[in-house]
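Okay, everyone, thanks for coming. Let me put the structure up and we'll walk through it.

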Amino acid sequence: MLSCCLVDKVAFHLDSKAMPDTMRITMNTTTDQTTESSAAGSQSTHFGYETVSGAEKVQRVMGVFSSVASQYDVMNDLMSGGMHRLWKRRMFSVAAIGAGSRVLDVAAGSGDVAIGLSKKMGPSGRVVLTDLNGPMLAEGARRVIDAGLLPGRADCIQSDGTRLAFADNSFDCVTIAFGIRNFLDIEAGLAEFYRVLKPGGQFMCLEFSRPVLPLLDVIYDAYSFNMIPLIGEKVTGDRDSYQYLVESIRRFPDQGRFEKLISGAGFDLVRHENMTGGIVALHRGYKI
Ligand SMILES: C[S@@+](CC[C@H](N)C(=O)[O-])C[C@H]1O[C@@H](n2cnc3c(N)ncnc32)[C@H](O)[C@@H]1O
């Protein structure tokens, strides 16, 4: 029945401040929220290497993820050679959560992070998956159902990471993996993560970053600009979405600049650890 709800485009409804004991899947598969999602919509920004208006960026990012949603997991494994599982595993191991914790996974996509964190919390924990994109969140909901997180251990709520539909001080841990570089306003997203985190809570962000080992940047550039769009084209028929992926990674602030943005949002004890020579970095901060 829940899968039916996903396909049938249930109405958008946000009542996430009081979470009931059954899992909710609250989706808006119209584009209304997407088009409204930023007051900065008319200002110019970047979509990969192109300059576009803010509104166009949001629409095109949503187009990318709607296009890749059904093959997102297989492409993740192919492009990273399965490495994304190890990067995420490290995130789970340092997550400051346990029995009874409440976690928000922003830009949850197909739900890997939410499911991994849920295992660490056990049956009394609760994870909320949120994503702006309906088809991606639908993949996450299917995976959450398959993982047996029903009833009562997960919610899927469609929402923009820069305008989260949750009360202040709601979560013990807020996570985002490979999502924030797609945001129109990264600082607005970080401010929202800080707002919804409880005092003492932990923020973690896994994101592509800058290689720090000699020659790795050359090899990584050659692989990502030549191979990733090609693999995307062969597997999904959509080269452009994977070209955007590669370009968006290069546009994202490096480890040091991103750490400053995290501190600027109010987080303390901000640090990062490089993984795979800095291709990916795991950032952490706390709301003290
Ligand atoms: C590369 S996927 C990452 C999915 C998942 N976290 C993972 O690690 O596999 C990026 C996700 O960010 C979501 N996204 C992009 N912009 C967003 C926004 N403003 N608010 C919430 N989610 C957003 C996309 O819909 C997509 O599901």
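So, which residue stands opposite Val280 in β10? Phe208 does.

Quick housekeeping: this is a predicted model, where local features need pLDDT of at least 70, side-chain atom pairs count only at pLDDT 80 or more, and totals for chains, interfaces and linings use all residues. Residues are numbered from 1 along each chain as its sequence is written.

Back to β10, residues 280–286. Strands here are DSSP E runs of at least two residues, helices are H or I runs of at least four, and both are numbered from the N terminus. Strand β8, residues 197–208, pairs with β10 in the antiparallel sense over 7 bridges; pairing takes at least two DSSP bridges. Strand β9, residues 268–275, also runs antiparallel to β10, with 6 bridges joining them, and there His272 stands opposite His283. The β9–β10 hairpin has 4 residues between its strands, and Thr276 takes a positive phi near 50°.

Since 6 of its 7 residues are buried, β10 is largely enclosed by the rest of the structure. Buried means 20 or more other C-beta atoms within 10 Å of the residue's own, exposed means 12 or fewer, partly exposed is in between, and C-beta atoms are placed from the backbone.

Now the ligand: 21 residues surround it, and among the closest are Ala107, Asn133 and Ala177. The cut-off is a C-beta atom, placed from the backbone, within 6 Å. Helices α3 and α6 (112–121) are the elements giving two or more residues to that shell.

That's my tour!
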